[in-house]
Amino acid sequence: MPRHNKQIKHIKAIFINNCQTKRQYSTERQAREVADYQMLINNDLELSVYKCDSCNKWHLTRRSIDNI
Ligand SMILES: [Zn+2]
């Protein structure tokens, strides 16, 4: 069964937007630790972590309290 890695890579590349300018974390735990620390030193900050489809790593994103 032939593999279609090339095609998949090409499709993924299209969806890379600003993710390369964001900080990447290899694991969810690592991302959460950083998020917790950032929220600890900045009470106004609400961060959540998400797995990125583009780079398969974890990013932090700002979460507005109003949007919850
Ligand atoms: Zn990413």
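**The zinc site and its histidine donor**

Tutor: In this predicted model, the side chain of H59 comes to 2.9 Å from the backbone oxygen of R23. H59 itself is located in strand β2. Its relative accessible area is 0%, so H59 counts as buried, the limit being under 20%. Leaving aside residues up to four places away in sequence, H59 touches C19, K22, R23, Q24, S48, V49, Y50 and C52. Two of these contacts, C19 and C52, lead directly to the metal, for C19 and C52 are themselves donors of the zinc ion.

The protein donors of the zinc ion are the SG atoms of C19, C52 and C55 together with NE2 of H59, at 2.1 to 2.4 Å from the ion. The angles subtended by the four donor atoms run from 102 to 117 degrees, and the arrangement is therefore tetrahedral. The criterion applied here is that all angles lie between 85 and 135 degrees. For reference, the ideal angle for four tetrahedral donors is 109.5 degrees.

Along the sequence, the donor residues follow the spacing C-x32-C-x2-C-x3-H. C19 belongs to the loop between α1 (5-15) and α2 (28-41), whereas C52 belongs to the loop between β1 (47-51) and β2 (58-62), so this pair ties together parts that are 33 residues apart in sequence. Both cysteines are shielded by the protein chain in terms of accessible area: C19 counts as buried because its relative accessibility is 4%, and C52 is likewise buried, at 7%.

The loop between β1 and β2 also holds N56. Although N56 is not a glycine, its phi is positive, at about 65 degrees. With a relative accessible area of 45%, N56 is classed as partly exposed, in contrast to the buried C52 of that loop.

The site may finally be placed within the whole chain. The protein chain has two helices and two strands, and from the N terminus on these elements run α-α-β-β. Of the contacts in the protein chain with a separation of 6 or more, 44% are between residues 24 or more positions apart. Buried residues account for 18% of the 68 residues, and C19, C52 and H59 are among them. The accessible surface of the protein chain amounts to about 6,000 Å², with 48% of it belonging to carbon and sulfur atoms.

Methods: Residues are numbered from 1 along each chain as its sequence is written. This is a predicted model: local features need pLDDT of at least 70, side-chain atom pairs count only at pLDDT 80 or more; totals for chains, interfaces and linings use all residues. Side-chain values use heavy atoms; hydrogens and water are left out. Donors are N, O and S atoms within 2.8 Å of the metal (3.2 Å for Na, K and Ca); water is not among the atoms, so sites may look incomplete. Four donors count as tetrahedral if all angles lie between 85 and 135 degrees; four count as square planar and six as octahedral if opposite donors are over 155 degrees apart and all others between 65 and 115; anything else is irregular. Helices (H or I, at least four residues) and strands (E, at least two) are DSSP runs, numbered from the N terminus. Buried means under 20% relative accessible area, exposed over 50%, partly exposed in between (1.4 Å probe, protein chains only). A polar contact is a pair of N or O atoms within 3.5 Å; within protein, one must be able to donate a hydrogen and the other to accept it, and residues adjacent in sequence count only if both atoms are side-chain atoms. Contact means heavy atoms within 4.5 Å. Accessible areas come from the Shrake-Rupley method with a 1.4 Å probe; for residues, only the protein chains shown count as cover.
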